[in-house]
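The sequence and structure are shown first.

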Amino acid sequence: MAIALHLRKPPMGGIGKKVAYYPGCSLEGAARAYDVSTRIVAKELGLELDYLEDYNCCGAMETKNVSFWGTMLLNARNMSLARKQGHNVIVAPCNGCSFSLQRAEYFLETDRKVFERVNELLKEGGVDPIDEIPYTYHILEWFYHEAGPEKVKERTKKPLKGLKVANYYGCLYTRPHYYARTYSHIGGQDEEARPSKRDTADDDEHPYYMEALLEAAGATNVEFEPMHTQCCGGPHSLSDEQVSEKFVMMILQTAKRNGADIIATECPLCHASLEMYRHRLMMKGVPDVDVPAAYFTQLLGIAFGYSAGDVKLKDNLSDPIPVLKRLGLV
Amino acid sequence: MAIHERSLVEPERILRKERLVIDGIDVSGDWNLIILPRTIEDYDLSFYDEVVAQPEGKTIVNCYQCSYCTASCPVHNYWDERYNPRHFIYLARLGLIDELQKRADVMWRCVSCHKCTHRCPKGVLVEEVLKAILRVMAKRGLIEEYPSKKFDKFFMDVVYEYGRIEDGELLFGWIEKQGYQVVKDPILKKPIPFMGGMPEWLKQLAVKPIKNMNIGFLLLNAKHMLFHPRTKNWNRFKQVLRKVMEEEGALTH
């Protein structure tokens, strides 16, 4: 049996300046700061987000664990909506959402039977079937490719001088390479199948897009390997508290001991998990865990001259304002 | 002599002697450590077939037991040595169901970080295969209800009902399922975040936006808790979702 290696060719002519924006449930509730700051950053960088009307939940890890076809259907519906709005690319700011969409993309692309059955079911459910499977990218990849560090540098009005940032990417931004289209150094892929100069996806074990953008905005990045892609407990952050607490402790302590003032995140679930367990660890009196977390878009927004209120820094339960105030940034 | 992955061998099968004489020949020294052999008669090969039949489980056939997955796994490395993805695949292949059952208390601990899947040199979707194994075990009644599955079903039900999830409902609903007393308002039966016997950390966390006078945040989340965000035209789609999930036995009600 053939190995299920798969690397879909990137869309012709890059990701594009105008894409379908799939915010996901979290960004319209507890993580609205990420949504607001993402829109600000996109506007500043000259990119356009087309809100995906009437989307549904991607199903996240939880649905995936329970039902294969359920997840396929949920994501296929979103893809169908994106096609209806005339887009070939969906951008999601959440690791979980982009993972789910990319996973559906993988199975629809590699398994003809899945594709046909899903289309039939979509028709039955009153949704247009998918003619062409849209691509999904994480919003960080989109910012990096369509705007890039140069544009960020150009737009920066108030450089984040002296701010030491630990960049936390989380798991599903780079993994697994079948879905995230990162190049795997291990997985037996041939060099020719690799997208040219990794032009659509980040490096798998050493991601650098967030570092590059924040560095262009004037921040200093601290050494954070290998914790930058270490798991925060993810789908188990509520159901398996002991494991999540230990993982978060490792992440926060590494950041603190490497001299970070703040952790930059790019996923609302990682962010919530870090903040929640940071609070609990501090209540227990665990040392070196008091690093606050902020979305990378919030930091970019501040560098672009927006105030703390504009990027909703108060929404962050870990309170990054004192750190930024000390450096005169807000 | 060192034993590779020693935790996989039961302690009573490891025999260590200071002096060992076999047939009158002194074999102490390098050969003083022996693993007693065992005979397995009870295995069920149909288990493996059932895993392969799952859409995500079919890449299990590619596994060549290199243990890259186990070496990458954060649960194995930082939490419990008994969580060993390679070994689970091995056991599922041989159909050693009772051995799998012995590890049922750790098998659900996978945090879905996908390091195993990402690094597998043979293209096995390890995380998905493990979930397929778990699902087959649950289908056969080999594993009891475990916390993460309870949460998964809880989450699934919310998605199924409304098409979208809401953080407050998930958090407080889960807290309630954990056995805490959540106070609800009498009319809409929605939880009131600052009352009841909630864990202390959550109370402190819930009070933070009030302390910060973060009124927009409070209003938005209160609105979502009262009027659950919904996907429009969900009802027709829901029927299809119901149909496929009932086929898989994924629906609780």
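## Model and confidence

The structure is a predicted model. Its scores are ipTM 0.89 and pTM 0.91. For chain B the average pLDDT is 86, and 98% of the residues score at least 70.

## Overall form of chain B

Chain B contains 13 helices and six strands. Its radius of gyration is 25 Å, well over the 18 Å that the globule rule gives for 253 residues, so chain B is more spread out than a compact globule. The C-alpha trace spans about 85 × 45 × 30 Å along its principal axes.

Of the 253 residues in chain B, 32% are buried. When contacts in chain B between residues at least 6 apart in sequence are considered, 56% join residues at least 24 apart.

## The sheet S2-S1-S3-S4 of chain A

Four strands of chain A form an open sheet in the order S2-S1-S3-S4, with parallel pairing. Strand S2 (48-51) and strand S4 (135-138) of chain A are at the edges; each has a single partner strand, so one side of each is left without a neighbour in the sheet. From one strand to the next, the twist averages 40 degrees. As a general point, strands of a sheet pair through backbone hydrogen bonds, either parallel or antiparallel.

Individual bridges can be followed across this sheet. S1(A) and S3(A) pair in the parallel sense over two bridges, and A:Ala20 has A:Ile90 in S3(A) as its bridge partner. A:Ile90 in turn stands opposite A:Thr136 in S4(A). Strand S3 (residues 89-92) of chain A and S4(A) run parallel and are joined by four bridges; A:Val89 has A:Tyr135 in S4(A) as its bridge partner. Helix H6 (residues 139-146) of chain A packs on the sheet and touches strand S1 (18-21), S3 and S4 of chain A. The direction of H6(A) makes about 85 degrees with that of S4(A).

## The sheet S6-S5-S7-S8 of chain A

Another open sheet of four strands in chain A has the order S6-S5-S7-S8, and its pairing is parallel. The edges are strand S6 (220-221) and strand S8 (293-295) of chain A, each with a single partner strand, so one side of each is left without a neighbour in the sheet.

Strand S5 (residues 164-167) of chain A is joined by three bridges to strand S7 (residues 262-265) of chain A, and the two run parallel. Within this sheet, A:Val165 stands opposite A:Ile262 in S7(A). Helix H12 (residues 296-303) of chain A packs on the sheet, where it touches S7 and S8 of chain A. The direction of H12(A) makes about 75 degrees with that of S8(A).

## Local backbone features of chain A

Most residues other than glycine have a negative phi, and most peptide bonds are trans. A cis peptide bond joins A:Arg175 and A:Pro176, with omega about -20 degrees; A:Pro176 lies in the loop between S5 and helix H8 (177-180) of chain A. The peptide bond from A:Glu225 to A:Pro226 is also cis, with omega near 0 degrees. A:Pro226 is in the loop between S6 and helix H10 (241-257) of chain A.

A:Asp54, a residue other than glycine, has a positive phi near 60 degrees. A:Asp54 is placed in the loop between S2 and helix H2 (60-66) of chain A. With 14 other C-beta atoms within 10 Å, A:Asp54 is partly exposed. A:Lys312 also has a positive phi, near 55 degrees, and is placed in the loop between H12 and helix H13 (321-326) of chain A. A:Lys312 has 22 C-beta neighbours inside 10 Å and therefore counts as buried, the cut-off being 20 or more.

Key. Residues numbered from 1 in each chain as written. Chains lettered and ligands numbered in written order. Predicted model: local features only at pLDDT ≥ 70, side-chain atom pairs only at ≥ 80, totals over all residues. Pairing = 2+ DSSP bridges. Axes fitted to C-alpha atoms, helices over the stretch in contact; angles between N-to-C directions. Contact = placed C-beta atoms within 7 Å. pLDDT = per-residue confidence, 0-100. Rg over C-alpha atoms; globule rule 2.2 N^0.38 Å. Buried ≥ 20, exposed ≤ 12 C-beta atoms within 10 Å, placed from the backbone.
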